[in-house]
Amino acid sequence: MTGIIASTSCKKELDVKNPNYPTIDQAKTESGIIALASGSVYNNSANNGAGGLGDGYFGTVIGYHELLADNIASTIANGNLNNVNVPDYVILDDGTKISNPSPQKMNLRINNARDRIGTNMFYPEWQSMYALNNACNQLLDLVDGISFSGDVDTKKNTIKAWAYWWKGFAYARLGSVYYAGIINNVTSSTNPNYVTSAALIAESNKNLQTASAILSSINNTATYMSIMGQLIPSFVQTGNGAVPTQQMFIRNINTLEARNLLANIKLTDMTTANWQTLLTLTSAGIGANDNVFEAVSSDINDIFNANGGCVSSLTAGIPATTLFTVSERLIQEFTPGDLRFSKNFIQNEYLNQVGGFTFSTRWELLNAGDTTVNNNNAIVFCDKTPGNQVVYIAGSYEENELMKAEALINTGKIDLGLASVDNVRNYQGAGLAPVSGTGLSLDAAKEELRRERRVALVFRGTAYYDARRWGVIYDISQGGGRTNAVVLGTDGVLNTKAIINYNFLDYWDVPADEVVLNPPAPGSVPVKNPN
Amino acid sequence: MKKNLRRSIFFLLLLLAGSFVCAQTRIVRGIVTSKDNGEPMPGVSVVVKGTSFGTETSEQGKFLLRLTAGANTLVFSYIGYQTVEFPVDTGNNIHIILIPELKQLIDVVVTGTGVATRKARLGISVETVSGTDLAETPQGTIDEGLIGKIPGAQISSVDGTPGATTNIVLRGINTVQGSTSPMILVDGVESGSLDIGSLDPAAVDHIEVVQGAAASTIYGAQGANGVIQIFTKKGQLGKTKVDIASSVSASTYLNISDVHEAHLSSYATNANGKFINSNGDVITLDPYGTYQGVNWAYGADANNPTAMSNPLNIAHQQYGTNLKYYDHFAQLFKTADNYNNSVAISGANNSSDYSFDISNNHQESNIRNNGYTDRTNLTTNLGIELFKGFTVRSITQLVYTKSTINPFFTQGRNNIGAAIMSAPFDNFDQKLPDGTYPGVLGALPGADAGFNPNYVTEYSNAIVNRVTILENIQADYRINKFIDLNAKYGISYGKGEETVIFQNQTENINTTQYSSWIAFYNGNDATGEIDNYNFNNTFQNFIASAVIKTDFKKDFHLNAPIMTSTLIEFDHRKSYDTQLFAYGIGLPIYPIYNFQQTTSQSVFSDQKIPFVTYGYVVNQKIDFGEYGGLAGGFRSDYSSAFGEGSKPFTFPDINAYIRPSSFNFWSKQKLTNIIPEFKLRAAYGEAGIQPGAFDRYPTLIPSNVGSSLVFSLPPAENNANLNVEVSKEFEAGTDIEIKGWSGSWLTDINLSGTYWTRKSSNVIFGISVAPSTGGTTIKTNAIDLASHGVQASATITVYRAKDFNWNFTTNFSNETSEITKVAGPPIILTSGAGDTQEELVAGRKIGQIYGYKALTSLSEKNQEGVPYILPANYGQYTMVDGRVVNIATKGIQFTNELYPLGDPNPKFNTSFINRFDYKTLSFGFQFDWVYGSHLYNQTKEWQYRDGISEDYDKPVDIAGTTAAYTAYYRSAYADVFDARNGGRNGTKDYFYEDASFLRLRNIYIGYDFSKLLNSKVFKRALLTLSGRNILTFTKYTGFDPEVSSGTSNSTFDRGVDDQSMPNIKSYQLGMNLAF
């Protein structure tokens, strides 16, 4: 009775909505879409769980790549980190052969199960890159319907270029590591048509070229710079993290296209035409003074945690207590006298007795360089002070210059190529004598380049592509592995002529989470690498 | 409600008495007193046996009755007391002493029926517990006190931290994303902001419990987990009564199986027995307070991938040289003191009653330097009859709780991990030169070292203050004998604030050396932080009801023994939560800790959670004399949490009972002397569980990046089309009273049993979506569950004599829940057991743990039928403890495929409660037996990782060679078949243990020495000595078989012991004075 009277007024009360969070409608304004365009790219996973570029990407995803490239090692079982880069076997100087009782490929595939997300190396990169792709699909869905103020076309085009660039980036990462994938341009949906990694790379290039064409069409630089200045977090906009002009943006695109090419063809399979394309792209790539896409640490409201949100900060510190430790094989690539080495590393022996027979190390990565003993102007790999750590998201000047060097050396312009190597060394303050003009042979020049790539591009997420295209990760019977490796035995004995047979999976299987929930349609390519 | 009922019966009796006036023959007078306290008892029903003629005792406990010829037996009854039949053939001035019931026979219940109903006339099962049952033993909270006392309920004390919540399961698992917690009502309204653990046990009169949908339909879309209703004490007619209770107890942590760290080790030592590093240097305490460089004596070699898998490492006595052995549990734990004090004042006259109760409960943590929880309750219950038939009642609860438990040692934070994970040679009490503690202790190779608990309590602290008020106003108007109108309005408001401080740790040299500090949000550096959590809740519950009762015989003079009662109810609930979580990072070195001192600040969460639901209940009950009855109705609910359009959801119920013992064929036979009561009952009902407040609203996620507010797409998506989860239940049961022997032994036996079966459909969970969509999960009505079980109880008066009584109760519960449908592929859930996750798969039990099984025969095959070991290689293996072990590597052989290891939930749980009364001495004890439960001993598995489990000390015989092989034990942690060291932290049946236990839950002895005082002042002076959890029998090898590390009241994460704080055992001395 009382109730029946009360009920009519009650019904309106029921629609409480969610008063705390904005809905997609709030993203359909100029400020809203900018907030979405920025937030769905720079996205500390600590804030919302998954997706985009944050701790999970810079720490874990790039961490796997650096592990597989034998730049670092880990004894910690979280995320299967301690297993993904255990070689098939090592032969020590005295002939002792230690074998991995659970070979990498088998281990990775045991963990490629839906109930093993936490230890499935195949999962995080797939998940974060498709989340990034989906956010960009959402932006492209919304952007044309939004009423912008002022120069509407430039604003729309800037956001479109932004979206296509990040889609291009997402497909670049996916195509460079997965055996197969999905091309998906529909928001919050998917399709079961799996394509090859080469098709993913083609899709990456297509998106990059779309972005490039849009950028070329923008005339109103001031409006473009203003929108970009809102998309890139303010604390990132220091040094060469500042907003790139349209031309700089296009050069960033060219460098990423160059990487797409170089990373996905075995060195031995590169054709003259490939080298020529590479030369063309890198010649129009990132210059020493160009602004690039970076993430920078911050004291609060960060993209990644200053103390442990990226690979270098997870490596720096007492080896017994850090997530990652420095690999002896990284250290042995430094040329004697390289100031980058003396600034960033000191001796601090750590014996790993719990698996990973190549993981013991004599070296510690310093936080903020050693300012007391070897203070010099070389690049600092790790600086945990908030605001000081720079992480390159896509290409960098050094990467572009070394790709150019490689194209030059392989097209007969050895000395020009070596000059590029010298450029990089100078840029990073290596303090090494120039190698150009020293008359190095082709093989010596290639070796100089190889070592420089390992040193200069460490922690930048490209080292595994190198290890793969150089063939190092393959089985010795297929020309892989490496000799003269420095290995500190678990007993503390130092080996310098060790043979390591990595025998890693080159391109990764599609994660089970995708295959089970989105089974391949007829006509799809295989989702499992036959290797 | 009950009072009104009594009053109406009283009037009725007076009317009837008038009509008998002419037949009077003689007068009987008397007094009724309580065995409990010797006080006169007002309001006791005195009825001539076989008639409805009688009276009630007066304020002074006296009565006067004019008896007709042939009336020779009087029946004295009072709620909560044993009914007494007294022959009055001769004397006419009698003294009756009523004895409190052990339990169960709280005669009239309202929970689940909405209308006060005698238990004898219920078609559903309603359990009752009297407040006196909670009083005798040293528990701080009502829910702890309920353990073992409710047949059918599984209530477990899963964490020994002061203030920790219990896990309550009433009849199976009905949901997945939500919890198993039942709805809590206090005096008829939902308690809202006030959780059961913060209510004052001393203020409880009695508790009613309905467990399943069949009975909780009238609670509609929120009732599927059952309802626990708490009734606070009211003043009783008579003089003002003052009750003072005070107790002190001392508690220690339980370590049933003597868990300790390995006394032996197999580390590298030099010829003098001193521990050395890989360079052969003797290990010393470094300037940072740590021992670095400990290694196993034998490293990895060509045959063994790790040092720990090298069979040459054999544990032997090593500590005592440069490294000592420290008992970390002795260093971590202490004996804690707890105090309880309460004062209650109550009384009543014919038109009003009052009860005031103030109490304080103070519980220290059993972890050193780790604070306490303190709770103060003020409860008042005032009733007044304003005019005839119209009564108003006000019940107020004011609760203040304060907790200073360290944020790292609260419930569910892996409380004792530090002590378990630290190497035995680490000394928690070791200080740095400046007097501070080192945080990072010595690291074992490959292990992340335990963090020094002394560092934690030195640099962090928390204060939680919480004030809750619950005001409940009720008006009841009995218009005439047909209609009773009732309105209740309850409003509760809870305000809590938690401040957590992590001091600036930058001056601690251990911290800077190892770049390792404690913080929740400041992962950047060791400068500390201050966190402030503010949470408020306002909850309103308005219930208006009309009860229409008719009695065809009396009201309409029809010759049909039909009585009807009709309930029409409107129930409106509105909740409003607000939360503001903010933190500031970077505190100064000087000890001023507030937001102004921080270098930057951020808001982590600022949320408002409105929730509105309302519903109508219509229930019709028809009773056919004493023979039986039928009831049915429905509840229709609207809710802000329902799917699109907010359409109502309707839940029907029907129940019936029949009492064969009331039919002539029974009552006229001798059978009635043996079995005076035999009732059969059956009920069907539906009830629901609502989606979460915003589960149906898709949103973006806002966050701050730098100085900008940005949006991102949520990986876990909401779903506008969610429906309520519906649980449908059928129950059938019986209640039987058996008169035993006529002498003193087994005079009275009450049996009650119920079988129930239920199906839950549309259970909500965030099911996985293909990651290429950009998301990870979407909430869906994805799961169906089914459960069934049996609950039973027996209450037996074992022995009854003039000065001695022995009562015995046993409660039994068995239940099992399984998944019957899952939409799409298996749903993956995380639990704390090893590296594998739980899966929800149709046909399997919920809560099942999956893992690798040790091979138990050489010929074992994998799931594809391929043998693990070829017959040619049988010679390489032997059996140890029933498991296949490789003779060369000493490793236990585990499958490399996952199998369900079993359902960790108990097969049954049962309790045995005994109470003995001899004159003014009382003695009692309760045993709880939980059978067939399992725990995944993850605590032990972590200790296996680092070689510091006590098991590593134990020699094993492997094919005739006996030694404490490190490799043998390490294999249980690290190996799966064909992958030595490739199955680290794999979930293994090796660690899945039987956690059945028999526990002496409580034992007490009380002596009332008021008579000795020879004073009229004290009505009672009771001294009680009691103990809780003082004996446990179990095969479980961890600290305590009752713990669970999963989220409190999790539906699926229930069978894991991952560094949980064990329960405590305590001894209490209490004094209770009444005057």
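This is a predicted model: local features need pLDDT of at least 70, side-chain atom pairs count only at pLDDT 80 or more; totals for chains, interfaces and linings use all residues.
## A first look at a strand pair

In chain B, five strands make up an open sheet with mixed pairing, and their order is S10-S15-S16-S13-S14. At its edges are S10 and strand S14 (189-190) of chain B, each of which pairs on one side only.

How much of strand S15 of chain B is buried? Six of the seven residues in this strand (residues 204-210) are buried, so the strand is mostly covered.

## Where chains A and B meet

Now let us turn to the place where the two chains touch. On the chain A side, 89 residues are in contact with 85 residues of chain B. Together the chains bury about 7500 Å² between them, and 58% of that is on carbon and sulfur atoms. In chain A, the residues that lose the most area to chain B are A:Leu14, A:Asp115 and A:Gln353, which together account for 10% of what that side buries.

What kinds of polar links cross the interface? Between chain A and chain B the count of salt bridges is zero, while 23 residue pairs are found in polar contact across the interface, both at pLDDT 80 or more. Several elements of chain A each supply at least two residues of the side that touches chain B, among them helix H1 (2-13), H2, strand S3 (97-99), H6 and helix H19 (512-517). Sorted by class, that side of chain A has 38 nonpolar, 37 polar and 14 charged residues.

## Helix H2 of chain A

H2 of chain A is worth a visit of its own. Nine of the ten residues of this helix (residues 30-39) are buried, so the helix is largely enclosed by the rest of the structure. Among the buried residues of H2(A) are A:Glu30, A:Ile33, A:Ile34, A:Leu36 and A:Gly39.

What covers these residues? The cover includes helix H6 (122-143), helix H7 (152-175) and helix H9 (221-231) of chain A, together with strand S31 (708-712) of chain B.

A:Glu66 sits in helix H4 (residues 55-68) of chain A. With a relative accessible area of 0%, A:Glu66 is buried. Its side chain makes a polar contact with the side chain of A:Asn71, at 2.8 Å.

Leaving aside neighbours within four places in sequence, the contacts of A:Glu66 include A:Ile72, A:Val311, A:Phe459, A:Arg460 and A:Thr462. The C-alpha atoms of A:Glu66 and A:Ser312 are separated by 10.0 Å, although these residues are 246 residues apart along the chain.

## Two loop residues in chain A

A:Ser74 is found in the loop between strand S1 (72-73) and strand S2 (89-91) of chain A. Is A:Ser74 buried or exposed? Its relative accessibility is 1%, so A:Ser74 counts as buried. A polar atom of the A:Ser74 side chain lies 3.1 Å from the backbone nitrogen of A:Ile76, and a polar atom of that side chain also lies 2.8 Å from the backbone oxygen of A:Leu323. Not counting residues up to four places away in sequence, A:Ser74 touches residues including A:Leu67, A:Leu81, A:Phe324 and A:Phe359.

The side chain of A:Asn305 reaches the backbone nitrogen of A:Asn307 at 2.6 Å. With residues up to four places away in sequence set aside, A:Asn305 touches A:Asp55, A:Cys310 and A:Ser313, along with B:Gly523 and B:Asn524 of chain B.

Notes:
Residues are numbered from 1 along each chain as its sequence is written. Chains are lettered from A and ligands numbered from 1 in the order in which they are written. Side-chain values use heavy atoms; hydrogens and water are left out. Buried means under 20% relative accessible area, exposed over 50%, partly exposed in between (1.4 Å probe, protein chains only). Helices (H or I, at least four residues) and strands (E, at least two) are DSSP runs, numbered from the N terminus. Contact means heavy atoms within 4.5 Å. A polar contact is a pair of N or O atoms within 3.5 Å; within protein, one must be able to donate a hydrogen and the other to accept it, and residues adjacent in sequence count only if both atoms are side-chain atoms. Buried area is the accessible area (1.4 Å probe) that two parts lose on being put together, summed over both. A salt bridge is a side-chain nitrogen of Lys or Arg within 4 Å of a carboxyl oxygen of Asp or Glu. Ala, Val, Leu, Ile, Met, Phe, Trp, Tyr, Cys and Pro count as nonpolar, Asp, Glu, Lys and Arg as charged, and the others, Gly among them, as polar. Two strands pair if DSSP finds at least two bridges between them.
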